[in-house]
Amino acid sequence: MMRSLFSGVSGLQNHQTRMDVIGNNISNVNTHGFKRNRVTFQDMFYQNLQGASRPTDTVGGVNPQQVGLGMNIAAIDTLHIQGSFQTTGVGTDLAISGTGFFVLNDRGTELFTRAGTFSLDRNGTMVNPGGMKVQGWMAQEIDGVQFLDTSRNIENIVIPVGAKDPARATTIVNFDSNLDKRMPEIAEGATYLEMRQATWSTQQRIYDAFGETHDLQVEFTRVPGVPNSWTVRVDVSPQNDIPTNTSVGLGELPPAAGGPEMFTLNFDNYGRLLNSIDAVGNESGAMGYVFMNVAFDVQSAYPEDDGAMVRQNLRLNLGTVGGLVNSITQFAERSSARIFEQDGHRMGYMENFNIDNNGIITGIFSNDTTRVLGQVAMASFPNQGGLEKTGNNNFRATSNSGLANIGASGVAGRGTMIAGTLEMSNVDMAEQFTDMIITQRGFQANSRTIQTSDQMLQEILNLR
């Protein structure tokens, strides 16, 4: 009689636990990044009334006789199923499509979360609502170029909105497109208009080390009597009252002021770039690249220089020997040679930023430049079901989850990030209500077992 009472009690207790889990799931139906739990039951040990016996020549086999002693909880699992997405339009909101977790630093302790409700504090540090710092890698600048090294240890992500981007002098100017082979040569005694018609000119705004703008003017003119050769004249800010003393050359030292401002550009018989030659016969092209060094003067900004001129240097990249892409060519087609890229800019302030699917953060500056600032890290686990919930939408690694594999998103099975979006809870309300009904019925049935057992005990007490 007592066995049925204890079986009923175990059923009540464990169905109550299952109801607690269901209640927690339903209460977190709108919690971003929440992963629902599931309770599974198992029967408990048994009391053997009679063991099994094998068949003999005279009698058949007998099955064991057992009475169960109730049930208990087999597992309370966390179901890491993808939740639906909610678009918020907030740049720091992040969602993960696929497996993986964001990494947080809670005063030196690593925690993990799927809730990407991040923001920036007063120092520009990316944090979650509890102030835990989002982890990743900040970009490093080497020789003026930004690099991301995801093999380094993770660190706090800092987005310095409003920070300055210092002015950068133009050091490289890249050319492209075509010079028309049919362009007429300049005849002796030609008028100014005839000279202009025989010259192809292109201009590009460039910058000095102070962020001041200058006009780089490059003119191409056919060399009379020499096929496939062009005279190239370079001038910087020709409209300025104070001359910039532009000069070109290929020597080891930058061209000095007062030097030649013209060089020769040659093509082969197939219209492809061959070489460039400066005024003293130095030739470029032996290493496969055709270029020319340019130098010009700008007035110093330092009072102690008393208005002295400072020499600025840049390099005209005309293309590769025999190249067709990103190189100047000479075909019988209208001229279109142009400067398509230069690496200088004025000073600017960071006005905005965006985060791509790999978690790479790109700053957008008022000087029309962009710069990689950092990358948000992502973690994966051999057994994500083994993670321990710590509250506040966070998880902690355990001995059964395995060590966190931290790296860039989209690599080694880690999912991708979606900016301006949050992952919703994966709680299915219809499923939870159904489980609630089943749980209530199980609880009710077990209470009836206790009630009936009690009535049977009462009958025994009434015996005379």
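## Reading strands, salt bridges and a pocket

Modeller: Let's begin with a sheet: six strands make up an open sheet in the order 18-19-20-22-23-24, with antiparallel pairing. Its edge strands are strand 18 (199-207) and strand 24 (283-284), each of which pairs on one side only. Please keep in mind that this is a predicted model.

Colleague: Thanks! Over how many bridges do strand 18 and strand 19 pair?

Modeller: A general idea to start with: in a regular strand, side chains alternate between the two faces of the sheet. Here, strand 18 and strand 19 (residues 213-222) are paired in the antiparallel sense over nine bridges.

Colleague: Good. Now for the hairpins. How many residues lie between strand 29 and strand 30?

Modeller: Four residues lie between them in this hairpin, and Gly 359 in the turn has a positive phi of about 80°. Strand 29 (residues 348-355) pairs with strand 30 (residues 360-365) in the antiparallel sense, over five bridges.

Colleague: Let's turn to charges. How many salt bridges does the structure hold?

Modeller: It holds 16 salt bridges. One of them brings together the side chains of Arg 371 and Asp 165, at 2.9 Å from N to O. This pair links distant parts of the chain: Arg 371 belongs to strand 31 and Asp 165 to strand 16 (residues 164-165), 206 residues apart.

Colleague: Is Asp 165 buried or exposed?

Modeller: The cut-off for buried is under 20% relative accessible area. Asp 165 has 7% relative accessibility, so Asp 165 counts as buried. Arg 371, with a relative accessible area of 22%, is partly exposed.

Colleague: What does Glu 261 form a salt bridge with?

Modeller: Its partner is Arg 233, and the closest N and O atoms are 2.7 Å apart. Glu 261 sits in the loop between strand 21 (247-249) and strand 22 (262-267), while Arg 233 is in strand 20 (residues 229-236), so the pair ties together parts that are 28 residues apart in sequence. Glu 261 is partly exposed at a relative accessible area of 24%, and Arg 233 counts as partly exposed at 26%.

Colleague: Which residues are linked in a network of salt bridges?

Modeller: Lys 35, Arg 114 and Glu 423 are linked in such a network. Another salt bridge is that of Arg 396 with Glu 388, whose closest N and O atoms are 3.4 Å apart. Arg 396 is partly exposed at 35%, and Glu 388 counts as partly exposed at 38%.

Colleague: Last topic, pockets. How much space lies in the second largest pocket?

Modeller: The general idea is that rolling a probe the size of a water molecule over the atoms shows where empty space is left. In this model, about 220 Å³ of space lies in the second largest pocket. It is lined by 13 residues, and the closest to its centre are His 214, Asn 240, Val 298, Gln 299 and Met 309.

Colleague: Which strand gives the largest share of the lining?

Modeller: Strand 25 (residues 289-299) does, with three residues. By class, the lining of this pocket comprises six nonpolar, four polar and three charged residues.

How values were computed:
Residues are numbered from 1 along each chain as its sequence is written. This is a predicted model: local features need pLDDT of at least 70, side-chain atom pairs count only at pLDDT 80 or more; totals for chains, interfaces and linings use all residues. Side-chain values use heavy atoms; hydrogens and water are left out. On a 1 Å grid over the protein atoms alone, a cavity is a set of points where a 1.4 Å probe fits but cannot get out, and a pocket is an open set with protein on both sides within 12 Å along at least five of seven lines; lining residues have an atom within 4 Å of a point. Grid points are joined across faces, edges and corners, and a volume is the space filled by probe spheres set on the points. Helices (H or I, at least four residues) and strands (E, at least two) are DSSP runs, numbered from the N terminus. Ala, Val, Leu, Ile, Met, Phe, Trp, Tyr, Cys and Pro count as nonpolar, Asp, Glu, Lys and Arg as charged, and the others, Gly among them, as polar. Two strands pair if DSSP finds at least two bridges between them. A salt bridge is a side-chain nitrogen of Lys or Arg within 4 Å of a carboxyl oxygen of Asp or Glu. Buried means under 20% relative accessible area, exposed over 50%, partly exposed in between (1.4 Å probe, protein chains only).
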